[in-house]
Amino acid sequence: MPGVSFCEGLPLTAQVADRLAVVRSMTHPFPLHSVAYALSGLPTYTVDLETKPRDPAHWPYFGSIADYLWARQGVTGGGLPRHVGLPWQFNSQVDDLGLIAGPYGAFLGQQHDPLWSKFEGQPLKIAPKCRHEQEKEYLDPYAEVDADCRFIIDGAGRLAEELTPDRFHLRNQLLGQFDEPGVRNRSTLARSYAQQQQRAVSLLTSTALKETLDVSTEPANVREDYGLTLFGQSCLAARRLVEGGTRFVSVFWDAFGTYFSGGWDTHQNHYPRLKEYLLPGFDRAFAALIRDLEQRGLLDDTLVICMGEHGRTPQIDSKPVGAARHHWSRVYSAALAGGGTPRGAVIGRSDALGGDVLETPISPKDIHATAFHLLGLNPHALMFDRTGRPYPVAGAGEVRSELLS
């Protein structure tokens, strides 16, 4: 894209820049680990919310809201789940801390959480340490994985070994006999539970999801284009899900081994982690996803959003070994492609230092509102918590005309 520079670590992304809308003026007031803030309409954020994914103060993930609105409209996933999360439940593969807040249904109910996959595969490379005091080194799947890796959903497409198809059919018939009386008079909670049962039965009896997640059926050259890394194969699985009818797929570059790695959280070892680990894996996978969607005629109908919770300090901190860049939310970048966004566009501008927005500030909430609009959903719709209180689906976000083609 003429006049737009990408760093030397993103040569493949630069080659697809003419398909992207790059936002250079993302901004919000919370330079924290604030995934839940960046991915929901939540109006404010505190550190203590991060480790409480089911705290009642949370607002729903914007993917969960889309799933909720589609469910009310009767929109399905074409035989697949509407809403899937890859590669595993958020922050579940760390030795410390445990699950953190972010991509959940909150007061809309757990039925609107993503249906999380699990990853099975052998990591082959040790990632550069995120902290020099880190005693343990990790073979990291984001660095490289074996070609036999796969994504699974527990129980999808297979019954327990001791359960024959005939026994399963009889059990399902019996369940139907219990459920049928008074089905129209059920409470909202009972109806939700019944919907979860139906989804579970569908997953057990259909092989569609299992087959869709099986990236091993892709040609070797396609898998290599995406890269034999966890992020690359996750993006490939996401393309397969979208092609099969799934409406909303979330791919997270999540912490692995230790929470303090935080993926891109380069408080130490900034240069080696970017050069040897982070940039190559992202560059290959993201560019391949855009090219692949376009070649299959899917890009115009698929909205791709590449966005983090915040950016990094505009100036390098040279004190830590390997240097560092710390949290910075006053200005950062995001990229969108397809789905009705402009091609080859650059939106917004920062100051000369890259420290503050100079033109066209855009918040994560604006991205949500614009995404709802592009997905054919009302960005000004209301959702209701369990007490009936109304919440705007995009919080304070507004549809941004700059992001529409």
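First, the ground rules. The model is predicted, so local features need pLDDT of at least 70 and side-chain atom pairs count only at pLDDT 80 or more, while totals for chains, interfaces and linings use all residues. Residues are numbered from 1 along each chain as its sequence is written, and side-chain values use heavy atoms, with hydrogens and water left out.

Let me start with the whole chain. Its secondary structure comes to 10 helices and 15 strands; these are DSSP runs numbered from the N terminus, H or I of at least four residues for helices and E of at least two for strands. There are 405 residues, and 51% of them are buried. Buried means under 20% relative accessible area, exposed means over 50%, and partly exposed is in between, with a 1.4 Å probe and protein chains only. The chain exposes about 19,100 Å², with carbon and sulfur atoms supplying 52% of that; the areas come from the Shrake-Rupley method with a 1.4 Å probe, and for residues only the protein chains shown count as cover. Among contacts with a separation of 6 or more, 73% are between residues 24 or more positions apart, where contact means heavy atoms within 4.5 Å.

Next, helix α3, residues 62-73. Its 12 residues reach 17 Å from first C-alpha to last, close to the 16 Å expected at 1.5 Å a residue; the expected span is 1.5 Å times one less than the number of residues. Nine of the 12 are buried, so α3 is largely enclosed by the rest of the structure. The buried set runs from Phe62 to Trp70 and includes Asp67. What do these buried residues pack against? The partners are β2, β6 (248-251), β7 (304-306), α10 (364-374) and β14 (382-384). Trp70 also has Arg247 over its face, at 4.8 Å from the ring centre. A charge sits over a ring if NZ of Lys or CZ of Arg is within 6 Å of the ring centre and within 35 degrees of the ring normal. Elsewhere, the charged end of Lys365 sits over the ring of Tyr37, 3.6 Å from its centre. After α3 comes Gly74, with a positive phi near 80 degrees.

Helix α9 covers residues 270-295. At 1.5 Å a residue its 26 residues should span 38 Å, and the end C-alpha atoms are 35 Å apart, which agrees. The helix does bend, by about 40 degrees at Leu278, and Pro280 follows within four residues. The bend is the angle between axes fitted to the seven residues ending there and the seven starting there. Gly297 follows α9, and its phi is positive, near 70 degrees.

Now the aromatic rings. Rings of Phe, Tyr and Trp (its six-membered ring) pair if their centres lie within 6.5 Å; planes under 30 degrees apart are stacked, over 60 edge-to-face, and the rest tilted. That gives 24 aromatic pairs. One of these is Trp88 with Tyr142, edge-to-face, at 6.2 Å centre to centre and 85 degrees between the planes. Trp88 lies in the loop between β2 (83-86) and β3 (115-116), and Tyr142 in the loop between β4 (118-120) and β5 (150-152), so the pair ties together parts that are 54 residues apart in sequence. Trp88 is buried at 5% relative accessibility, as is Tyr142 at 1%. The rings of Phe119 and Phe151 have centres 5.5 Å apart and planes at 55 degrees, so this pair is tilted. Phe119 is in strand β4 and Phe151 in strand β5, 32 residues apart, and both are buried.

Last, the backbone. Most residues other than glycine have a negative phi, and most peptide bonds are trans. Where is the cis peptide bond? The bond from Leu86 to Pro87 is cis, with omega near 0 degrees, and Pro87 is in the loop between β2 and β3. That loop also holds Leu97, whose phi is positive, near 75 degrees, and which is partly exposed at 49%. Thr360, in the loop between β13 (357-359) and α10, has a positive phi near 60 degrees and is partly exposed at 24%. Its C-alpha is 6.4 Å from that of Ser25, 335 residues away along the chain. Ser25 lies in strand β1 (residues 20-26) and is buried at 0% relative accessibility. Besides Thr360, the residues that Ser25 touches include Val331, Ile347 and Glu359.

Note on methods
Lists of a residue's contacts leave out its neighbours within four places in sequence.
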